There are 4 protein chains.
Amino acid sequence: MAGSTFGTLYRITTWGESHGPALGAVVDGCPAGLALREEDIQVYLDRRKPGGHLVSTPRKEEDRVRILSGVFEGRTTGTPISLMVENTSQHSSDYTDLAETYRPGHADYTYDAKYGFRDYRGGGRSSGRETVGRVAGGAIAALVLARAGISVEAYTASIGPVRITPGAYDRANVLASPVAMPDPEATEQALAFIDAARADCDSVGGTMECRIRGLKAGIGDPVFDKLDALLSRAVMSIGAVKAVEIGDGTAVSAARGSDNNDPFRMENGVLTKTSNHAGGILGGISDGSEILIRASVKPTPSIFRPQNTVTRDGQNRELTIRGRHDPVIVPRAVVVLETMCASVILDAMLCGMGSRLDRFLDFYR
Amino acid sequence: MAGSTFGTLYRITTWGESHGPALGAVVDGCPAGLALREEDIQVYLDRRKPGGHLVSTPRKEEDRVRILSGVFEGRTTGTPISLMVENTSQHSSDYTDLAETYRPGHADYTYDAKYGFRDYRGGGRSSGRETVGRVAGGAIAALVLARAGISVEAYTASIGPVRITPGAYDRANVLASPVAMPDPEATEQALAFIDAARADCDSVGGTMECRIRGLKAGIGDPVFDKLDALLSRAVMSIGAVKAVEIGDGTAVSAARGSDNNDPFRMENGVLTKTSNHAGGILGGISDGSEILIRASVKPTPSIFRPQNTVTRDGQNRELTIRGRHDPVIVPRAVVVLETMCASVILDAMLCGMGSRLDRFLDFYR
Amino acid sequence: MAGSTFGTLYRITTWGESHGPALGAVVDGCPAGLALREEDIQVYLDRRKPGGHLVSTPRKEEDRVRILSGVFEGRTTGTPISLMVENTSQHSSDYTDLAETYRPGHADYTYDAKYGFRDYRGGGRSSGRETVGRVAGGAIAALVLARAGISVEAYTASIGPVRITPGAYDRANVLASPVAMPDPEATEQALAFIDAARADCDSVGGTMECRIRGLKAGIGDPVFDKLDALLSRAVMSIGAVKAVEIGDGTAVSAARGSDNNDPFRMENGVLTKTSNHAGGILGGISDGSEILIRASVKPTPSIFRPQNTVTRDGQNRELTIRGRHDPVIVPRAVVVLETMCASVILDAMLCGMGSRLDRFLDFYR
Amino acid sequence: MAGSTFGTLYRITTWGESHGPALGAVVDGCPAGLALREEDIQVYLDRRKPGGHLVSTPRKEEDRVRILSGVFEGRTTGTPISLMVENTSQHSSDYTDLAETYRPGHADYTYDAKYGFRDYRGGGRSSGRETVGRVAGGAIAALVLARAGISVEAYTASIGPVRITPGAYDRANVLASPVAMPDPEATEQALAFIDAARADCDSVGGTMECRIRGLKAGIGDPVFDKLDALLSRAVMSIGAVKAVEIGDGTAVSAARGSDNNDPFRMENGVLTKTSNHAGGILGGISDGSEILIRASVKPTPSIFRPQNTVTRDGQNRELTIRGRHDPVIVPRAVVVLETMCASVILDAMLCGMGSRLDRFLDFYR
């Protein structure tokens, strides 16, 4: 029940189904006084749109966001910001044969199990379109963080076996790449790999990473609201994500303490770490170095091969999915990762303002 | 702020530091009528104690739990259950030289950054002893789930390069193994590997897994309180965990949709999946098959080699940690994983009772 | 921060300002399978509209609600229900002279103090129009409760010195009365009283009551989420309410225990109370008898007399408010009281389903 | 379920029953660096003890508080503060005959209805002893507020027909009065009134008030977490409270807008109100003037006259309560009111630190 609200002080509530009249989000708790236009959010939404590249679905999604409340004379007022995107190009008829059949790898069966029935058009609430609200709401968090000198940037790190060159990060490349990779060579290889999978009526997975820079040490609330814990929840809540890693992630299981520990050093009077295996978080609190999160994304479950499945009334059948589906989810999920992380960071910063009595007293002096 | 409470309807609040007078938890929302004795919880707490094996620290930890409220005539009353474990064998003097120095890989620096100062004795709140409260509180959840026919069982899956034999699961072996492995051969190899690391004044990492069986389809609350999202948050909040995976986890990034999708089939009139790459969760909702969670645990940061670090007042120095420390965290963390997962599952079940109008109306008829 | 979400499992998030493009609510956690049409909600919204009676403002408010998500084929799906009402007849020009002046009795000054600036048009978020979202969201709760045989009915109990006749309750009269009184004689007197105040360029206060019937014993969660505590919070959050009473309310301070205690008696095999001073709640839990809540509402702060006040830049000035304003708030607030109470009751029922282990085990058997 | 936690960032979780081994609270989110000794809290707990005066029960309650965590070297560390008070003088035998009988005006029946059975000793969780945890936890909030120049002071305003002299407030008198009245004459009259009721085997009600001074304008989070809404919930959650009023409270229903509105005026360059009918809160946000809350408390339900009631198994019977019971609840509840209000105010202040972007950016610069 009531799983569509997220955050403690910066709080996003999303709503909407794939083929309903609209989708949206209500952002509550945004600090008052932020300059905010619809275009500022639209930039983020456009990144989750299919771009006309072969990689992503040819559906035309306009996804124009409207701000319905919470902004006055160009600035946020501190009251809830209601964001709405109308669904303009959904074709329900593509899905009517799915009303009675459970697509493997999708949530059709589990929604029926939970709620007794479901909006079967395009996956309803379990569709990737649900992320429209997340991205719109998280974009505002990213804008606030930018004002505080904090960048939150995500990109595709691998698609199938194609990995980006380590260290080759370039934000402009990410934004220009149809697969959101920071690395033109990897982009080319990934496109070729995806094409081959598509030709084979199959789909592929990948990984994406998010880097957060400029966040000072001291953010995160042990022991259950540790920063890595809240980031993990946020990232794992993105459809198709099956693993979340912080810093060295799974590699720590094979490491030695003597390697994995990040030594501290003073550099020009500033405490730094000479390595960052921890990914910027120690004991659930930011340590002032770059935060690195990695998510593993499963292959698109909608594939154009016959699959074994069952019907609502318990009959075995073979299903061949039709319609328009990306053969890889990662590139469009990158902006979702980015905005979800931004929301978590902003919320943790807001929640942490009273952690020291002296600062609390100063603030209210 | 206020990060020590966890859960919506089954809610655990933990408290206590490594070297304070006591640690504990308050469990709020446990259904009334559960038979509950201190011994039932003690069984779980004993599993996180160092067992006298070479693997774990030689500190003597009694960790006797007392139930201070919420139980009357041997049954839970529905009111908060207060659990307390007194700290009986902590030697603060071992730590006094750490008051001014930040241990690499520990939370000393970040606690200072957040709170301005810290209880430096044994890591204070960031110590592994904090898990006493989690285990005690989660043990009660596990007992409730057992009554509902749901088992939640965790074990060590690897220590350094030593992996358990696939499929060799045996609960009795896990409980008997000093490293919590289900597999005697792997246990032997792991012990030898740990001994070698100890002799080298170093520490090692590993992985642990938790399997949840008997949970029906339909549990979990999209889109932010998806079951995998809440499990991830709970597991990542355990100290030293750096990665969380569900089902195939990171392996999905290299998979094809045609392999990764789990086909549905009717078997003896029951809907089943013929594989379980998804790890028992689809769209954030349990699908009725076994739930599999994997966590990667970093090597113990306390190692007995000299390490570079800095002091509170910004001086570079070399630190050699003394005292008693496990060279591997995993074996004692297994029961923490198990009890955290149990808490999440029970909470999700309680939250989901009203998801269908017909069942809600039946319940209140 | 983030004060616009309400409830634990049945959760309403409202948004919108008096003169923005629209207002609305997102209802999360409504049980799946409820038959729901826009007309079902409209009936409630129409009750908060000014009815053309002299009593309330002559502004034309269409307030047509649209359901944007969460309903499929006429039934709720368990996913968030987004409700929107467009603002069609707001005249911002009426308010421009208020941009720099704080209206006495309004929230102009406190919004500026909190947020640094405010949407001054019609009070912005602090306008009575904010209740559009509450009523729309709470109407759905009332519909669920009706299905469970629980009625939630509010009415005006007094306006200034005019009180309804004790015991003369008649729902049809309430719905027909321009002042929402159950009693035609009182309605006439109240209208005359209001007219006199209006002619005097003044405004008046009153009281409203809500009665909840059909709720079984056992709902409410001590000690902080007691049913009366949550009702009080919900009711006091309605603009202009300054007092909340349960049962005998303030009168208990002058009572004796021998009178105030409600004796229990078995009647036809059913446990009953022979009086109901407690107003249906004992120890924060429903006792099966009628729940009675009373709210005292202050006079409309917008009056057409000159008032002393100050400007944003700290100048004393005299203000005469213009525009269209009800001389009494109570009649239109009655439906707000009713729907807020319905939301609290439904949420408490959902939260309480797991309070007994035996029922929990039965449910998941 | 899970109703024993309270607050968003300053969060109190209470536990314990009247006749269990102990009661207590966990305070999470207290800013780090507050000087805190057990004696600081004890001062508050002592105020809820029966003082040896005829007014209150002759039971000897030691109620010595212990701090079990969250304080190091005399200062709070920012981690959870666990507070415990052992039950030392409870006589369960006094209550055994109540196991099967529902006391009128008590929660015996409703606890059975909710949980299926109950700890019947002394009312169990529904006992007034539950407030031990509230007072201990709220005392810390009061200490933080005092550091910020904010006073939170409660007192008895009336007992039966005996009212304090308006304006005669004197904190020292309150602390010295056996009935917590600020006014020695009223104290004498109240004691006589109580004695007469006691001689008549009866009990009496009263009112208490809390005044909060020094809080700046701008605290409180519309629309559901308005400051008056959260205060109302907190106050109504105190056992035996049946009405909550802010400022003029119920009197507003008979007022005119021209009287009820508080004019603003600049005085010595400071914005002030020339009256305070609103009780310091406008639109749910503090307006910088004194906040006034009033609570009406019912007569003690335990009276020494025969009362009609029923048994668990549905038999009518006559009950005469024995044991030791205060004939009036108000004097000991005053400190509960005070500490609950302090907790709400501190929490709202912590939650509001990020309400303006400019201040947020300054804070994290």
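How many bridges join β1(D) to strand β2 of chain D? Two bridges join β1(D) to β2(D) (residues 11-16), and the strands run antiparallel. Across this pair, Phe6(D) is opposite Ile12(D). The model is predicted: local features need pLDDT of at least 70 and side-chain atom pairs count only at pLDDT 80 or more, while totals for chains, interfaces and linings use all residues. Residues are numbered from 1 along each chain as its sequence is written, and chains are lettered from A and ligands numbered from 1 in the order in which they are written.

Strands (E, at least two residues) and helices (H or I, at least four residues) are DSSP runs numbered from the N terminus, and two strands pair if DSSP finds at least two bridges between them. In chain D, an open sheet of five strands has the order β1-β2-β3-β7-β4, with antiparallel pairing. The edges are β1 and β4 of chain D, each with a single partner strand, so one side of each has no neighbour in the sheet.

Strands also pair between chains: β11 of chain C and β11 of chain D (residues 241-246 in each) are antiparallel over three bridges. Within this pairing, Glu245(C) has Ala243(D) as its bridge partner.

| Chain | Residues in the contact |
|---|---|
| Chain C | 96 residues |
| Chain D | 97 residues |

Notes:
Contact = placed C-beta atoms within 7 Å.
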